[in-house]
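Thanks for coming. I have one structure to go through today, so please look at the sequence and the model on the screen.

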Amino acid sequence: MHIEKHPVLGRQLHKPVTIYFNDQPYQAYTQQSVAAALMANGIKKLGVSRKLVQSRGLFCSRGRCCSCYMTIDGEDHVRSCMTEVEDGMRIYPNMDDPEVRRDIDED
């Protein structure tokens with residue numbers, strides 16, 4: 001659920017855009033973070049933890065905890081709480097290590 005009018009900050013929603021999470025379209029608004037847009041659409045699981053493979057979601061919401069890493073437009077491990085939505089953006093949950101880490105571990 002998007003907050004259309006905040007009691008202190010006033011009207012919050014700007015221009016509507018379409019984003020794609022796991023190739024499914026969702027409505028978001030410009031100036032929203034990716035994490036906020038996904039939460040507003042009912043998506044709370046943003047990936048899994050590397051070691052215990054447990055669900056990860058939005059934790060600090062200010063780019064400090066790295067709990068909201070996602071793959072956005074083909075780039076792995078992007079902090080979704082610090083990235084603004086763009087029309088047509090492709091977003092996938094972060095389910096494992098990025099390719100560069102796998103290359104290091106295999107050597």
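First, the ground rules. This is a predicted model, in which local features need pLDDT of at least 70 and side-chain atom pairs count only at pLDDT 80 or more, while totals for chains, interfaces and linings use all residues. Residues are numbered from 1 along each chain as its sequence is written, and side-chain values use heavy atoms, with hydrogens and water left out.

Is C81 buried or exposed? C81 counts as buried because its relative accessibility is 9%, whereas C65 has 27% and counts as partly exposed. The cut-offs are under 20% relative accessible area for buried, over 50% for exposed, and partly exposed in between, with a 1.4 Å probe and protein chains only.

Next, the hairpin. Strands here are DSSP runs of E with at least two residues, helices are runs of H or I with at least four, and both are numbered from the N terminus. Strand β7, residues 69–72, pairs with β8, residues 75–79, in the antiparallel sense over three bridges; pairing requires at least two DSSP bridges between the strands. Within this pair, M70 stands opposite V78 of β8. Two residues separate β7 from β8 in the hairpin, and D73 in that turn has a positive phi of about 50°.

On the subject of phi, most residues other than glycine have a negative value. Q31 has a positive phi, near 75°. Q31 sits in the loop between β4 (24–29) and α1 (34–40), and is exposed, with a relative accessible area of 52%. C66 also has a positive phi, of about 65°. C66 belongs to the loop between β6 (55–56) and β7 and is partly exposed at 28%.

Last, the largest pocket, with a volume of about 260 Å³. A pocket is an open set of points on a 1 Å grid over the protein atoms alone, where a 1.4 Å probe fits, with protein on both sides within 12 Å along at least five of seven lines; lining residues have an atom within 4 Å of a point. The volume is the space filled by probe spheres set on the points, which are joined across faces, edges and corners. There are 14 lining residues, and those closest to the centre are I3, Q12, L13, Q32 and A36. By class, the lining has seven nonpolar, seven polar and no charged residues. Nonpolar covers Ala, Val, Leu, Ile, Met, Phe, Trp, Tyr, Cys and Pro; charged covers Asp, Glu, Lys and Arg; the others, Gly among them, are polar.
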